[in-house]
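Work through the exercises below with the sequence and the 3D structure in view. Try each task before reading its solution.

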Amino acid sequence: MNKLLSFSLILIGLSGLISCETQQQATKLRFSYPEAGTIVRSGNPLLLKLHIPDNGSKVDSVIYSIDGAVISSVLSGDSITVDTDGFAFGSRSLSAKVYQGGQENTAYSNIVFLPKAPQHYGFKVINEFPHDPEAFTQGLEYHNGVLYESTGQYDGQSSLRRVDLSSGQVQKKINLSSQYFGEGITIVGNRIIQLTWRENVALVYDLQTFAKIGEFSYGNNKEGWGLCYDGNHLILSDGTNRLYFLNKDTFREEYSVTVHNHQGPVDSLNELEYINGKVYANVYQKDIIVIINPQSGAVEGEINLIGLYPEKDKILYDNELNGIAYDRQNDRLFVTGKNWSKLFEIETVAR
C-alpha cells in the first residue's frame with residue numbers, strides 16, 4: 001500500500017475516534033467543575049458545576065454528596081457553591097445525582113481538601129541545660145518544677161526518669177523489662193503513662209513512687225510513638241499522619257484525626273506535647289515541630305529548628321530531635337533529642 005495513503009487512513013481513523021469521543025463527552029453527564037484531583041483549601045467556597053445533556057426534559061433536582069454524605073440538594077442544574085468549613089482533609093469522592101424526566105443519573109469526581117499554608121517560625125535560645133547524652137529520649141514532660149523523661153532501646157535500656165532541670169541529674173529512675181522499648185509519656189493526675197513501641201502496651205505508674213499500677217493495650221494503631229494529654233483525652237501518635245484520642249479513664253480509643261498541611265498528609269508524627277489548645281509534634285528525622293489543630297488535623301504552624309544542636313551532625317543516626325516539654329506556669333518551651341548532651345529552652349519567632 002502507498003505509504004501516503006496508509007498515513008491518510010490513519011489520520012482519518014484518529015479523527016473519527018476524536019469525533020466520537022467529543023460526541024460522547026457532549027452527551028455524558030459529568031462535572032464541568034471541579035475536575036478530578038482539584039485541590040480545595042479549607043474555608044474557601046467550592047464551586048459545583050455540571051454538564052447536563054439536554055434530553056428535552058427539565059431537571060427536577062440535583063443531590064450533591066461527598067463520600068456518600070449529602071452536602072446540598074437543589075431544584076435545578078445551575079452551578080452552586082458550598083461552604084467547605086469542617087470538611088475532613090484528604091482525597092474525597094464527589095457525586096451528583098441528577099433527577100430528570102423521571103430518570104436518575106449520577107456524575108462522579110474527586111477532590112482533595114487541604115488546609116491553608118501554616119505560619120512559619122524560627123527560634124531563639126533562651127537557656128541551655130545539661131542533658132544525659134546516654135538518654136535515648138522518646139518522651140519528655142515538665143511537671144511541678146521537674147522533668148520526666150522516657151528513654152528507648154531494647155534489652156533493658158529503656159527507662160522512666162525524674163530529672164532535675166538545672167543540673168540534668170537523674171533523681172529517680174526505673175528500667176523497663178527487656179522486651180519493652182520505651183516511647184512517649186504524659187501525666188494524668190497522679191499517674192504517669194508510658195507507651196511502648198511495638199508491644200502495643202502502655203504502662204501506668206504512680207507519679208511519686210514510679211510503682212507500676214496498671215497497663216493497657218491501645219486501639220487500632222500497631223505502634224506507640226508519642227503521647228500527650230489535653231485534659232480530656234490521651235492523644236497518641238503511631239508514626240503515621242494520624243492522631244488517636246483515648247478516654248483518659250478507660251483508655252479506650254474514641255476517635256482519630258488525620259494530619260495535613262497545605263501540601264498533603266504529614267507523616268512520621270512522633271513525640272507530642274499539648275500546649276494552649278494545640279498539639280506540638282516532632283516530625284521523625286526532621287528538625288521540625290508542627291503545630292496541629294486537634295479538632296481538624298490542620299497543621300497551623302511549623303517551627304524550624306535546623307541548627308539548634310550542631311553536634312548532632314557528627315553522628316549519622318539515633319540523634320533525632322525528639323522531646324518537647326512545656327512549663328505551663330511560666331510559659332516555657334523545652335526541646336531536646338536522642339542522645340543530646342543539651343536540653344534547650346526556646347522561644348518561637350514568627351517569620
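## Exercises on salt bridges and a hairpin

At 0% relative accessibility, Asp327 counts as buried, because buried means under 20% relative accessible area, exposed over 50%, and partly exposed in between (1.4 Å probe, protein chains only). The model is predicted: local features need pLDDT of at least 70, side-chain atom pairs count only at pLDDT 80 or more, and totals for chains, interfaces and linings use all residues. Residues are numbered from 1 along each chain as its sequence is written, and side-chain values use heavy atoms, with hydrogens and water left out.

**Exercise 1.** Find the salt-bridge partner of Asp327.

Solution. Start from the rule: a salt bridge is a side-chain nitrogen of Lys or Arg within 4 Å of a carboxyl oxygen of Asp or Glu. Asp327 meets the rule with Arg332, their closest N and O atoms being 3.0 Å apart. The rule gives a count of ten salt bridges.

**Exercise 2.** Which parts of the chain does the salt bridge of Glu128 and Lys342 tie together?

Solution. First check the distance: the closest N and O atoms of Glu128 and Lys342 are 3.3 Å apart. Next place the residues: Glu128 lies in strand β9 (residues 119-130) and Lys342 in strand β30 (residues 342-350), so the pair ties together parts 214 residues apart in sequence. Strands (E, at least two residues) are DSSP runs, numbered from the N terminus. Last, read the accessibility: Glu128 is partly exposed at 46%, and Lys342 is partly exposed at 26%.

**Exercise 3.** Locate Arg198 and its salt-bridge partner.

Solution. The partner is Glu223, with the closest N and O atoms 3.3 Å apart. Arg198 sits in the loop between β15 (191-196) and β16 (202-206), and Glu223 in the loop between β17 (212-216) and β18 (227-229), 25 residues apart. Arg198 counts as exposed, at 52% relative accessibility.

**Exercise 4.** Describe the surroundings of Asn200.

Solution. Asn200 is in the loop between β15 and β16. These strands pair in the antiparallel sense over five bridges; two strands pair if DSSP finds at least two bridges between them. In this hairpin, with five residues between the strands, Asn200 takes a positive phi near 55°. Leaving aside neighbours within four places in sequence, Asn200 is in contact (heavy atoms within 4.5 Å) with Phe216, Ser217, Tyr218 and Asn221. Asn200 is partly exposed, with a relative accessible area of 23%.

Note on methods. Helices (H or I, at least four residues) and strands (E, at least two) are DSSP runs, numbered from the N terminus.
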